[in-house]
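Thanks for coming. I will walk through one structure, from its surface to a pocket and then its salt bridges.

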Amino acid sequence: MTEYPLTKFHFVVSWGGSRIGFTEVSGLEAETEVIEYREGSSSEYSKIKMPGMQKYANITLKRGTFLGDNDFFEWWKTTRILGKPERRDLIISLLNEEHAPVMNWKVKNAFPTKVQATDLKADGSEVAIETLELAHEGIEMEAIA
């Protein structure tokens, strides 16, 4: 059987035991900062490079706006309490044809930094989309065989 790359359109986000559908998830990236160092007695006229601190991009979640659903805004309001935002662990799963996870991204201690309501347009016919941006303290990728 021929192996094909995974498709990216079938996924789910879970937090606090709830599975939530989104139209888009972006920002699943991690980076290692580089430290450059050279000691004064080195015979080399260049710096050495070492791995430094880990850095994670904010994650952006987008979904359709539903009547009576204020979850994004209510979660964002918890950040107003100085030093006490509600943090949540998330699992973002890429699913196969049987709706089973084939890859997970585990996000640690996420909290909202930005919430954006849909733009409004009198001559538009698109779905109203709301956006939530999350800061977090780490992401791990897990491939499921």
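**Surface, pocket and salt bridges**

Met-50 sits in strand β5; strands (E, at least two residues) and helices (H or I, at least four) are DSSP runs, numbered from the N terminus. This is a predicted model, where local features need pLDDT of at least 70, side-chain atom pairs count only at pLDDT 80 or more, and totals for chains, interfaces and linings use all residues. Residues are numbered from 1 along each chain as its sequence is written, and side-chain values use heavy atoms, with hydrogens and water left out.

Met-50 is partly exposed, because its relative accessibility is 33%; buried is under 20% relative accessible area, exposed is over 50%, and partly exposed is in between, with a 1.4 Å probe and protein chains only.

Now the pocket. The second largest pocket has a volume of about 230 Å³. On a 1 Å grid over the protein atoms alone, a pocket is an open set of points with protein on both sides within 12 Å along at least five of seven lines, and lining residues have an atom within 4 Å of a point. The volume is the space filled by probe spheres set on the points, which are joined across faces, edges and corners.

Which strand gives the most to this lining? β7 does, with three residues. Among the lining residues are Phe-11, Val-25, Ile-92 and Trp-105.

Next, salt bridges. The structure holds eight of them, each a side-chain nitrogen of Lys or Arg within 4 Å of a carboxyl oxygen of Asp or Glu. One joins Glu-130 and Arg-63, at 2.8 Å from N to O. Glu-130 is in strand β9 (residues 129–135) and Arg-63 in strand β6 (residues 59–64), so this pair ties together parts 67 residues apart in sequence. Are these two buried or exposed? Both Glu-130 and Arg-63 are buried.

Lys-77 is partly exposed, with a relative accessible area of 29%, and Glu-74 is partly exposed, at 38%.

Last, the backbone. Most residues other than glycine have a negative phi. His-99 has a positive phi, near 65°, and lies in the loop between β7 and β8 (101–116). Asn-109 also has a positive phi, about 55°, and lies in strand β8.

Methods: 1 Å grid on protein atoms, 1.4 Å probe; cavity = no way out; pocket = protein on both sides within 12 Å on 5 of 7 lines; lining within 4 Å.
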